[in-house]
Amino acid sequence: MAETDSPHEPQNKPTSLTFTIWPPTQRTRDAVINRLIESLSTPSILSKRYGTIPQDEAFDTAKQIEEEAFAASGFTATDKYDGVEILQVYSKEISKRMIDTVKSRSAPAADSTPSTESESKPSESPVDASEASSASGLTGEVSSVETES
């Protein structure tokens, strides 16, 4: 008796499941924007140094930060560029742009205040991108180290 493919017999064909990390889904991008809004408009590591941004302005700012970071890292995953590497670029771009935004907002306010306060605290180091990444929640890690003022 010849073997034939019967519709009643299960086929032993392997199923392939593809998991891609890049590009992020719109749902993921929206979650990043929401986390940025929270980081910019509520008390955080950044707000202690640079102040908070009003909620409505934080929305526009967060959307712009995410869109610019996505565009800056927007090449597709290929053999040369792994999706994880692209995701790291995306995360770093978001952190960098967030820091630049809060610094530029606080610079005019700092220019109008006396410089004696900043001179009296020379031991404070500026917030760097890794701290911003932790503050924005993009790395998934929570920093438990705090510096004394």
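A residue counts as buried when its relative accessible area is under 20%, as exposed when that area is over 50%, and as partly exposed in between. The exercises below apply this to a predicted model.

**Exercise 1. Decide whether Glu-66 is buried or exposed, and find which side chain it meets in a salt bridge.**

Step 1. Glu-66 has a relative accessibility of 1%, and therefore counts as buried.

Step 2. The side chain of Glu-66 meets that of Arg-29 in a salt bridge, with 2.6 Å from N to O.

Step 3. Since Arg-29 belongs to helix H1 (residues 26-41) and Glu-66 to helix H3, this pair ties together parts that lie 37 residues apart in sequence.

Step 4. Arg-29 is buried as well, its relative accessible area being 14%.

**Exercise 2. Work out where the buried residues of H3 lie around the helix.**

Step 1. Helix H3 spans residues 55-72, and its 18 residues reach 25 Å from the first C-alpha to the last, which is close to the 26 Å expected at 1.5 Å a residue.

Step 2. Its buried residues are Ala-58, Thr-61, Ala-62, Ile-65, Glu-66 and Ala-69.

Step 3. Viewed down the axis of H3, these buried residues fall within an arc of 130°, so they line one face of the helix.

Step 4. In general, an α-helix has 3.6 residues a turn, so residues three or four places apart point the same way.

Step 5. Asp-56, Asp-60 and Ala-71 are exposed on the other side of H3.

**Exercise 3. Classify the ring pair of Phe-70 and Tyr-90.**

Step 1. The structure holds 3 aromatic pairs. In the pair of Phe-70 and Tyr-90, the ring centres are 6.4 Å apart and the planes stand at 85°, so the pair is edge-to-face.

Step 2. Phe-70 is in helix H3 and Tyr-90 in helix H4, 20 residues apart.

Step 3. Phe-70 is partly exposed at 22% relative accessibility, whereas Tyr-90 is buried at 4%.

Definitions and conventions:
Residues numbered from 1 in each chain as written. Predicted model: local features only at pLDDT ≥ 70, side-chain atom pairs only at ≥ 80, totals over all residues. Heavy atoms only, no water. Helix = DSSP H or I, 4+ residues; strand = E, 2+ residues; numbered from the N terminus. Expected span 1.5 Å × (residues − 1). Buried < 20%, exposed > 50% of the residue type's maximum accessible area, 1.4 Å probe, protein only. Arc of directions from axis to C-beta. Phe/Tyr/Trp six-rings, centres within 6.5 Å; stacked < 30°, edge-to-face > 60°. Salt bridge = Lys/Arg side-chain N within 4 Å of Asp/Glu carboxyl O.
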